[in-house]
Amino acid sequence: MASKINPELFSHQVHQETPCPQCGAALLMRHGKHGPFLGCSAYPVCDYIKPLHQNDGHIVKELGVPCPECQHELVLRQGRYGMFIGCSNYPECHHIETQNAPPAQPQESAWRCPECGTGHLVKRNSRYGKAFYGCDCYPKCKFAVNAPPVAGECEACGYPLLVQKKLASGDKHQCANRKCQHIQSS
């Protein structure tokens, strides 16, 4: 009994109608860790590739709200890390609306950064939605911890910051220094 399924549909090397702009050879559909792309069949002699998905900040929707910096319209864009709101006058205007903007002034209860000494630790969210605490002087200071900071000093190395760790035996305070990570006795 013959199969009714065309095996060419499942082939990962489907020829495209367009020739390679660098060498003129046929372009093939390939799959990489960043998704599907068109690659030259003459690889490795010709290294032409073209991604098939567009995450370059293209406009999804116009919002009808003026930009606070240049008064052009704000638009919803699709970027590399998801959707964001930016100015339609890009690249002349680089204004981007932030969903959870960090406070402009550090709060009185904020912890001073132990690395640079000038910044304060503020709560931020990673692109995956997980909370972490980083220095507000980023990118000059790249200090960050995943656990909530606690006031105190390490009894083993004297580091000026501790973090709260949740263990099976209960909540403990641990040194925030990556080289020490001593769990405090009290």
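The request continues below, and one connected answer follows.

User: Please focus on Q174: in which strand is its place, and is Q174 buried or exposed?

Analyst: Happy to! A word on the basis comes before the details: this is a predicted model, in which local features need pLDDT of at least 70, side-chain atom pairs count only at pLDDT 80 or more, and totals for chains, interfaces and linings use all residues. Residues are numbered from 1 along each chain as its sequence is written, and side-chain values use heavy atoms, with hydrogens and water left out.

Q174 has its place in strand β14, residues 170–175. Helices (H or I, at least four residues) and strands (E, at least two) are DSSP runs here, numbered from the N terminus. With a relative accessible area of 9%, Q174 is buried; that word stands for under 20% relative accessible area, exposed for over 50%, and partly exposed for values in between (1.4 Å probe, protein chains only).

Now to the neighbours. Leaving out residues up to four places away in sequence, Q174 touches L162, V163, K165, Q181, H182 and I183, where contact means heavy atoms within 4.5 Å.

Stepping back to the strands, β14 belongs to an open sheet of 3 strands in the order β12-β13-β14, with antiparallel pairing. The edge strands are β12 (149–150) and β14, each of which pairs on one side only. Two strands pair if DSSP finds at least two bridges between them; β13 (residues 162–167) and β14 run antiparallel and are joined by 6 bridges. Within this pairing, L167 stands opposite G170 in β14.

W111 sits in the loop between β8 (96–97) and β9 (121–125), and counts as partly exposed because its relative accessibility is 30%. Residues touched by W111, again not counting those up to four places away in sequence, include P149, V150 and L161. W111 and L161 are 50 residues apart in sequence, yet their C-alpha atoms are 8.3 Å apart in space.
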